[in-house]
Amino acid sequence: MNTQGAAEPLPTAVYTDRMARARAQMEDKDIDLLLLSLGLDLPYISGYNAMPLERLTMLVVPRNGEARLVIPRMEAPRVRPQPGVFEMRPWGELENPVEIVAELAKKAGTIDNVAVGDQMWARFLVELLPLLPDAHFSRADVVTSMRMTKDAAEIAALRAAGAAVDRIAAQLQAGEIDLVGRTEAEVSADLSARIVAEGHQVMNFAIVAAGENAASPHHHPGDRVIAKGEILLCDFGGTMNGYCSDITRCVYLGTPPAEIADAYAVLHEAQHAAVVAGTVGTPCEEVDRAARRIITDAGYGEFFFHRTGHGIGMDAHEDPYMVEGNSLPLAAGHAFSVEPGIYLDGRWGMRLEDIVVATADGPVAMNTANHDLVALDV
Ligand code: ZN
Ligand code: ZN
Ligand code: ZN
């Protein structure tokens, strides 16, 4: 998910450092050329966030040699120059930008291994392949892996975004947001407005799922009218100063029946166990197991059918993923969601989600909104 953060560029020294670290990784991984186009690796390393246009924007980074930002001439005024990080190569409407990229690549010397960002348009890669016939292309895990480990400023940004959605969750739990009689879509629009009102520049998503719709984890809010006597799942987030928030809370419209209260108690215990499991050195899959074990032992295992969490930062979903099979050990600065759920098809669903950062002092939650299934007096 490309959450186009509206962040102002940071001081040049930040990008000088990140570029140097990227080049060191290229050295380690024997990558001769790094090509970054759309997606958030580009702003992470250069401060420039390209709009997803049909015109090519690409940062060409030779392992040894100056980086060039190949960019449509008409977009060039939007770029904040970063001296020593990259130079610009604006292209005019009658030039072929893919040929420009290939020429820059050849100028850099022998190109055996080229790493390309995941979100480059397929069209440009397809056009580039025959122009560099001897090169071997691979996915770039250079900047992506750097982005996993957040520095203090990035963690502060995640904390501020988390506090903003916590305030909205508190409004929801206090009954300050009208629910019964409105459609899911109306409540979703309300949450979206609050996401911006609480300081995000960008609203990314606001899932509102009532009753049986909550059994679909990524339900698209529609014209279903919210009624008394059902659970309501709200999962929402935005981008604030370039970093994402993401929280899920459920409320019950009335007094929950024992079946739902009991299942929620299991969910709450599972979520808590996975949060405290998120210590430095713990493999990501252990965070998933911590939640899944409790849900499975309570008999709901088959109803928890997604991974426990995803990394978060400039993107709402990024590395590392809390999923079985991911043995990557958590490091200080890794930020991720912990969001187990229980979904009974056609009946009801529930999920509880916080963002957590692994630190030397243990896991720190970026969200502190009440974890209970709040029963609203409706
Ligand atoms: Zn979420
Ligand atoms: Zn999430
Ligand atoms: Zn809790």
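## Before we start

This is a predicted model, in which local features need pLDDT of at least 70, side-chain atom pairs count only at pLDDT 80 or more, and totals for chains, interfaces and linings use all residues. Residues are numbered from 1 along each chain as its sequence is written, chains are lettered from A and ligands numbered from 1 in the order in which they are written, and side-chain values use heavy atoms, leaving out hydrogens and water.

Donors are N, O and S atoms within 2.8 Å of the metal (3.2 Å for Na, K and Ca); water is not among the atoms, so sites may look incomplete.

Asp246 also bridges to the zinc ion (ligand 2), and the two ions lie 3.1 Å apart. Asp235, in strand β8 (residues 231-240), and Glu353, in the loop between β15 (348-351) and β16 (354-359), link parts of the chain 118 residues apart. Strands (E, at least two residues) and helices (H or I, at least four) are DSSP runs, numbered from the N terminus.

Are these two buried or exposed? Asp235 is buried at 4% relative accessible area, and Glu353 is buried at 0%. Buried means under 20%, exposed over 50%, and partly exposed in between (1.4 Å probe, protein chains only).

His268 sits in helix α8 (residues 258-276) and His371 in the loop between β17 (362-365) and β18 (374-376), so the pair ties together parts 103 residues apart in sequence. His268 is partly exposed at 22% relative accessibility, and His371 is partly exposed at 21%.
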